[in-house]
Amino acid sequence: MTIARAEVTERPLQGRRIAVTRPPAQARVLMDGLAELGAQAVACPTIRIEDPADPAPLRRAVDELDTYDWIVFTSANGVARVWESLGAASGSTGLPNGIRVAAIGPATAKALSDRGVETEVVPEEYVAEAVADALLAFDEMAGRRILLPRAAGAREVLPSRLRAAGAEVDEIVAYESRADGKGIAALRERLERREVDMVTFTAASTVRHYVEAAGADLFEARVAVIGPITAEAARSLGVRVDVEADEYTVEGLLAAICEYYGGTEERE
């Protein structure tokens, strides 16, 4: 189910109070989408994106970009951090000629396109396993040098698969997700007061940091997640998942939420 915003004639989420746990810089599209569909979107960021504790490895990797065959981006945050390092290092606004680029999904590919970069590989399913499959199908990985700038603590499946195929993979921490104490406290307070009908989680880190700080009890609120990795993280932490998007994008999440509420006043 895909929502074409221009074709929306009804407001299927009218009156629903839905919390958005993304950091403010990434929350706008989801917030606007919820509002357009009639919901009261409530900003309660549970994480904030910060520079890595040690920025030197990213700076070195950016200085040596012309030695890599591929650079693989697994989030728009990673794109932003690499470009910040590019500008700081040389004032450059582009990647060296000859380096090939892969992205985990359309939002990351758009972040690259906005910077004038063509993405050669974008898998049909927006998870690390699918990125590995797409790269292995697209190119012979044996002997390739691959730069993987991503979040601290990211899953190992992607670099492991590429190394098993013979690639040399440099995993670089480009940014870190840390708990947003103020946003977590605000969400917990709203949940206790029964002022939120649904909480959205768009990354494993958004749910993990909330549960670690405030516990797994979301009271009467429903939970919607953007895809299977976030769903797995939530369930492993004791959080019930009510809605899981089939398409792992903001549009897919909005569609899944609309389908969930689809004319039913209450669900058990």
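User: Let's begin with helix α1 and α10. At what angle do they pack, and how far apart are their axes?
Analyst: This is a predicted model. In it, helix α1 (residues 24-36) packs against α10 at an angle of about 30°, and the axes are 10 Å apart.
User: Is that roughly parallel or roughly antiparallel?
Analyst: Angles under 35 degrees count as roughly parallel, and α1 and α10 are therefore roughly parallel to each other.
User: And is the crossing left-handed or right-handed?
Analyst: The crossing of α1 and α10 is right-handed.
User: Which residues make the contact?
Analyst: From α1, Val 29, Leu 30, Gly 33 and Leu 34; from α10, Val 250, Leu 253, Leu 254 and Ile 257.
User: Switching to rings. How many aromatic pairs are there in the whole structure?
Analyst: A search of the whole structure gives 4 aromatic pairs. One of them is Phe 73 with Trp 83, whose ring centres are 6.3 Å apart and whose planes are at 45°, so this pair is tilted.
User: Where do Phe 73 and Trp 83 lie?
Analyst: Phe 73 is in strand β4 (residues 70-73) and Trp 83 is in helix α3 (residues 76-90), so the pair ties together parts 10 residues apart in sequence.
User: Is Phe 73 buried or exposed? And Trp 83?
Analyst: Phe 73 is buried, at 0% relative accessibility. Trp 83, at 10%, also counts as buried.
User: What about Tyr 126 and Tyr 248?
Analyst: Their ring centres are 6.4 Å apart with the planes at 90°, so that pair is edge-to-face.
User: Last one: what lies over the face of Tyr 68?
Analyst: Arg 145, at 4.3 Å from the ring centre.

Methods: Residues are numbered from 1 along each chain as its sequence is written. This is a predicted model: local features need pLDDT of at least 70, side-chain atom pairs count only at pLDDT 80 or more; totals for chains, interfaces and linings use all residues. Side-chain values use heavy atoms; hydrogens and water are left out. Rings of Phe, Tyr and Trp (its six-membered ring) pair if their centres lie within 6.5 Å; planes under 30 degrees apart count as stacked, over 60 as edge-to-face and the rest as tilted. Helices (H or I, at least four residues) and strands (E, at least two) are DSSP runs, numbered from the N terminus. Buried means under 20% relative accessible area, exposed over 50%, partly exposed in between (1.4 Å probe, protein chains only). A charge sits over a ring if NZ of Lys or CZ of Arg is within 6 Å of the ring centre and within 35 degrees of the ring normal. Axes are lines fitted to C-alpha atoms, for helices over the stretch in contact, and angles run from 0 to 180 degrees between N-to-C directions. Angles under 35 degrees count as roughly parallel, over 145 as roughly antiparallel, 65 to 115 as roughly perpendicular and the rest as oblique. A crossing is left-handed if the near helix is turned anticlockwise from the far one by less than a right angle, and right-handed if clockwise. Contact means heavy atoms within 4.5 Å.
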